[in-house]
Amino acid sequence: MGLTGLEIFKQLPKTNCKDCGQPTCLAFAMQLASGKASLDQCPHISDAAREALDSASAPPVALVKIGKGEKELQLGNETVLFRHDKRFEHPTGIAIAVNDTDAVSDKVQQINKLVFDRVGQVHNVNLVAVVNSSGDAGKFADAVKTAQDNTDFPLVLVSEDPAAMEKALEIAGANNPLICGANASNLEAMVELAKKYDAPLVIKGANLEELASLVEKSGYKKLILDSGAREVNKVLADQTQIRRQALKRFRPFGYPTITFADNPDPIQAVVDAGVYIAKYAGIVVMYTDNPADILPLITLRLNIYTDPQKPIAVESKLYEVGNPGPDSPVFVTTNFSLTYFCVQGDVEAGRIDAYILPVDTDGISVLTGWAAGKFTPEKITEMVNNCGIADKVSHRKLIIPGGVAVLSGKLQELSGWEVLVGPRESAGIPSFIKQRWSA
Amino acid sequence: MAVTIAKEKWTSKVSEMVLGTEPNTVKVGGESTLPFLHFEGEIPNRPITALEVWDLEPTDWPDILKKPFEGVLNDPVAWAKKNVEYGADVVALRLMSAHPDYKNATPDECAATAKAVADAVNVPLIVIGCGVEDKDAEVLEKVGEALNGKNCLIGCATEKNYKTITATAMVNGHSIIASSPLDINLAKQLNILVTEMNLAANRIAIDPLVGALGYGIEYAYSIMERARLGALMGDKMLAMPVICFVGQEAWKAKEAKSPDDENPEWGAQERRAILWEVITATTFAQAGGSIFVLRHPESVKEVKKHIDKMMESNAY
Ligand code: SF4
């Protein structure tokens with residue numbers, strides 16, 4: 001990945017011994033570069049060359065895991081700056097902070113409840129960050145114990161005091177917590193602890209330069225980066241630099257990042273966190289457990305990390321809402337899941353028994369589908385004819401979205417069904433049905 | 001360890017649009033880098049906020065959205081003044097009464113309202129029709145005339161009605177909003193059609209018909225990122241500032257409309273709803289949005305606070 005055949009060739013023995021099955025070392029290098037061969041096939045390569053090639057072919061942002069089991073959080077493996085180039089791989093982990101001076105058990109229970117259901121999927125926060133705000137090692141260890149006993153979420157242990165961290169790790173070290181963390185003054189001791197428990201470690205620099213030096217000095221590979229910036233404008237700059245440099249294979253920055261939404265203004269803290277989610281943060285630490293603050297962020301994360309090549313679609317088939325009968329209205333829409341769920345939600349809200357036909361537009365919305373030629377009278381007719389709706393209802397009326405009123409003439413002609421132009425927004429469905437529907 | 005700051009060498013920039021008249025003009029656009037990357041290029045103008053005023057009382061606004069406008073919801077002039085008090089950089093007048101489903105107001109009636117509002121406030125004006133394309137063409141023709149010389153931003157011009165709206169903008173000295181449904185090629189195409197009529201490229205704002213947080217925000221987000229990259233690489237037909245009708249979308253979201261007791265696990269409605277509008281706007285700011293049309297005054301305050309911070313330098 002990323003290396004040219006010539007760059008690889010430089011590292012090979014250049015003896016052309018053919019043991020790899022290729023006629024020359026250069027030919028082998030070309031095969032490697034195109035991913036058609038693996039390095040193991042050359043028995044003569046030196047260890048130094050192997051390491052150089054391995055690290056050069058490693059992903060630009062290392063994969064780092066936090067926690068164990070079902071709730072394990074994976075970060076890294078990112079390959080792009082913009083989601084339209086290729087999706088962002090691992091959604092930002094949301095950590096909620098608990099101070100060791102708080103009523104830890106209550107707080108953690110509250111965090112456990114930050115679970116939201118959205119179009120049939122469950123979304124939640126990912127980490128509990130226990131903060132050693134007391135400065136006391138014993139208190140910290142107690143808080144870590146209480147947190148661990150009360151939640152399944154992996155922990156972030158936040159203390160810059162190696163003695164406190166050591167105590168906390170005696171309790172939580174077996175569960176692969178994130179150690180947060182190392183800085184210029186405690187680097188050796190923290191790396192030592194991280195190695196002992198084989199746990200991921202945050203390294204914080206006072207700025208990008210110091211961060212790069214500390215990463216080099218640490219010699220450790222399970223890292224999360226903190227550039228030290230806390231103001232949102234500066235965090236944006238640093239996050240951008242770290243991602244850009246990682247993609248340029250500046251190795252010290254080839255790790256996921258952590259950000260802290262610690263703005264003293266509680267609304268601005270949520271806004272800042274939104275920026276971090278959009279702009280490359282591996283983890284964002286929040287100091288609020290108010291669901292009104294967390295729901296927007298979890299939703300934003302879901303949106304930003306959606307694969308842009310694969311819109312979320314529902315299966316294109318006949319759906320029933322409520323208990324529809326032969327006189328019930330038939331709504332035509334697209335199979336973009338949000339479009340479908342909006343229509344379904346508003347039909348339900350209006351307590352209407354109805355059929356919904358989401359036409360397969362490859363999961364794109366009504367107007368986009370229409371513009372792209374995927375939501376056409378032909379496709380709608382095909383679905384009407386094949387889904388069996390004609391046997392379910394005695395009338396012959398279709399309701400189409402108001403935004404595509406232009407389709408009605410052609411659709412009527414092709415399908416033989418009468419076409420009613422519904423509201424532009426699904427929210428208008430209940431009043432539309434009240435005023436306009438009779439089978 | 002030396003870290004070489006990675007800077008892109010962009011060759012072009014976003015065009016700069018001026019709204020309003022001296023001494024109260026507002027400028028948007030002109031950036032020669034990606035949003036808020038001060039370390040890399042110039043960001044001469046900050047993104048701006050607009051607050052909506054309707055020419056009839058909205059029926060489907062939740063109470064928390066009506067509350068700040070109590071007493072003025074029936075009076076567009078008073079409402080517009082209130083918007084200025086609330087700190088909106090510009091006022092966005094929505095001529096909903098023109099809609100056939102509402103009052104089906106005539107173009108002359110709408111023009112009179114627009115004139116009254118424009119005369120009452122000193123900030124620049126955005127005037128938006130009712131969304132019915134034919135009607136908007138008729139209405140904006142008269143509105144453009146009535147606001148001659150006031151250098152407003154009028155719309156929304158679509159593939160169907162852009163000719164009338166562009167013509168009135170040219171004759172009367174306005175800029176236009178060019179709307180196209182979530183497709184970068186359609187946006188570009190419409191900009192080409194409009195500029196072919198000889199309206200200057202810096203008098204067009206792109207409206208990509210954004211979706212709210214949770215309702216397709218990512219589509220417009222990526223279109224805006226691509227448009228900005230295109231602009232910076234020299235594509236003049238994508239270099240227009242982007243306008244985002246955030247309020248209209250955010251306040252449609254279930255998460256904004258649902259009262260405290262309906263989904264208690266979602267937290268209090270007011271905070272949730274305002275964050276829904278604010279985060280929708282600030283996320284688009286990261287993708288390159290320049291004009292945010294909002295509905296709640298609290299959102300204006302919070303978006304401005306955020307932008308103040310983002311406009312502080314982050315040069316290395
Ligand atoms: S096995 Fe190794 S040394 Fe021999 S030809 Fe292949 S690449 Fe060259």
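**A helix pair and its surroundings**

A: H6(A) and H7(A) are roughly parallel to each other, because angles under 35 degrees count as roughly parallel (over 145 is roughly antiparallel, 65 to 115 roughly perpendicular and the rest oblique). This is a predicted model, in which local features need pLDDT of at least 70 and side-chain atom pairs 80 or more, while totals for chains, interfaces and linings use all residues. Residues are numbered from 1 along each chain as written, chains are lettered from A and ligands numbered from 1 in the order written, and side-chain values use heavy atoms, without hydrogens or water.

The axes of H6(A), residues 162-172, and H7(A), residues 187-197, come within 10 Å and cross at roughly 10 degrees. Axes are lines fitted to C-alpha atoms, for helices over the stretch in contact, with angles from 0 to 180 degrees between N-to-C directions. Helices (H or I, at least four residues) and strands (E, at least two) are DSSP runs numbered from the N terminus.

On the H6(A) side, the contact uses Pro162(A), Met165(A), Glu166(A), Leu169(A) and Glu170(A). Facing them in H7(A) are Ala189(A), Met190(A), Leu193(A) and Tyr197(A), with contact meaning heavy atoms within 4.5 Å. By class, this contact has 7 nonpolar, no polar and 2 charged residues. Here Ala, Val, Leu, Ile, Met, Phe, Trp, Tyr, Cys and Pro are nonpolar, Asp, Glu, Lys and Arg charged, and the others, including Gly, polar.

Now to the ligand. The residues around the ligand include Cys17(A), Cys20(A), Cys25(A), Cys42(A) and His44(A), each with a heavy atom within 4 Å of it. Lys18(A) and Asp19(A) are also among them, and the whole shell divides into 7 nonpolar, 3 polar and 2 charged residues.

The backbone deserves a look too. Lys14(A), in the loop between helix H1 (5-11) and helix H2 (25-33) of chain A, has a positive phi of about 60 degrees although it is not a glycine. In chain B, Glu22(B) and Pro23(B) are joined by a cis peptide bond, with omega about 0 degrees; Pro23(B) sits in the loop between strand S1 (16-19) and strand S2 (26-29). Another cis peptide bond links Gly155(B) to Cys156(B), with omega about 10 degrees, and Cys156(B) belongs to strand S6 (residues 153-157) of chain B.
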